[in-house]
Amino acid sequence: MPDDTIAAVATAIAPGEGSVAIVRLSGPEAEAIGQRLFVPPGDQAWESHRVLYGHVCDPASGERVDEVLLLLMRAPRSFTRETVVEFHCHGGLISVQRVLELVLGSGARRALPGEFSQRAFLNGRLDLTRAEAISELVTARSRRAAQLAMAGLDGGLQARIAGLRERLLDQLAELEARVDFEDDLPPLDGDAVASELAEVQAQLEQLVADGERGQLLREGLRVAIVGRPNVGKSSLLNRLSCSERAIVTDLPGTTRDLVESELVLQGVPLTLLDTAGIRSTSDRVEQIGIERSRSALQAADAVLLLFDLSAGWCADDAALRELVPPGVPLLVVGNKADQLTPGAGPASAAADVCISALTGAGESELVAQLLARCGHSDPQGVHLALNRRQQDLAAAAAASLSASLEAARQQLPWDFWTIDLRTAVRALGEITGEEVSEAVLDRVFSRFCIGK
């Protein structure tokens, strides 16, 4: 166990906001620091897992800094399996920062990002998948993302990966036994081994595919709404976000800057970017807005290209379509369907979906098609989702199994099978933390917030 004591503010704080803020300590000196700073009134028993009431006082001056609750959790019955002390202070900035300063001045050091969770991992309290799930739960932007994080925190992901790894270890043990003692053992059924490796490979590939869908739920999409002036971009943003975020008028060129709106559709967090209408203009302010629109178009994860159904598809619309970067999902949306009269001609032929931003007609189909083009389907079908690091390792393990299966197809000796099989086992061990370097751990936990 580490021999130093760390401390940090474990809750989000802002000026004048939040009723409670927590200063957390973990390490061998946590209890002693708590006793040095905490002054309880009356006769309160200083016991583990008991809440005490009192004040944090400056030892040098005796000044009362804040009225707090103190919670003591002695090792190993704590999140880090070290002795943990928490001061539950009043929210805001000043008092909680003063309490932290006193804690640091009494012998603790400021915790690094994710260091509490890293200690929990190093002390055997969490496997690496559970530790990463904590960070994902904290940063979840939608209910579905939070549900996936909880599935990882409950151990579902660790159990799945560990089970697949055990199956590979069983096959590796059989193969290595034949390499060393084949004359003393019964013949090994190579087809059965290959079948088992292929089944594990298929499950890993499915986990990678589910992970891609899960990333969409976690990270969301930046969707740029582009089109000529006055085709209804701002009206569509307001319709989807259920608010008047953008100014809507009949005058072309009303939007001069990017307008962002964050929302969640079918469990997917979206950042909608209402861009300035792209056209030739001598207005310098509008030109700046158009340049920002072009930049947003290049950086978007997906693009909604709006055109006016009542005016029809034109050469300027086609030119905008050419600006969309290759590979970026594009949905061509015909707007103002409410202004069409029956038999008005093939105005909708160029559209993937027709809508009315004014009445809401076609909105659900637009959302469904947008998410489908971005790879999101059946949001309830994903129950476990690997993060980016885990996906890379699972994909590497699947590729190694493919190499082992190629050795099997070529009927090479057993030791050729084992080379890539060991690599696959090691990759799965890196997912759960059973085989992981200190550098990898530092990189993983550096993405956490300070108090975690």
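Before looking at the sheet, I note that two strands pair if DSSP finds at least two bridges between them. Helices (H or I, at least four residues) and strands (E, at least two) are DSSP runs, numbered from the N terminus.

I am working with a predicted model, where local features need pLDDT of at least 70, side-chain atom pairs count only at pLDDT 80 or more, and totals for chains, interfaces and linings use all residues. Residues are numbered from 1 along each chain as its sequence is written, and side-chain values use heavy atoms, with hydrogens and water left out.

**The sheet**

I traced an open sheet of seven strands with mixed pairing, in the order S3-S4-S5-S6-S2-S1-S7. At its edges I found strand S3 (38-39) and strand S7 (109-110), each pairing on one side only. Helix H3 (residues 115-122) packs on this sheet and touches strand S1 (6-9), strand S2 (20-26) and S7; contact here means heavy atoms within 4.5 Å. The direction of H3 makes about 135 degrees with that of S1 (axes are lines fitted to C-alpha atoms, for helices over the stretch in contact, and angles run from 0 to 180 degrees between N-to-C directions).

Next I looked up strand S5 (residues 64-73) and strand S6 (residues 84-90), which pair in the antiparallel sense over five bridges. Leucine 72 stands opposite valine 85 in S6.

In the loop between S5 and S6 I came to proline 76. I list arginine 81 as partly exposed because its relative accessibility is 35% (buried means under 20% relative accessible area, exposed over 50%, partly exposed in between, with a 1.4 Å probe and protein chains only).

I then moved to glutamine 411, in the loop between helix H12 (388-409) and helix H13 (414-432). Glutamine 411 has a positive phi of about 55 degrees, though it is not a glycine, and counts as exposed because its relative accessibility is 72%.

My last stop was valine 179 in helix H6 (residues 156-181). Not counting residues up to four places away in sequence, valine 179 touches Trp414 and Asp415. Valine 179 and aspartate 415 are 236 residues apart in sequence, yet 6.1 Å apart in space, C-alpha to C-alpha. I noted valine 179 as partly exposed, because its relative accessibility is 40%.
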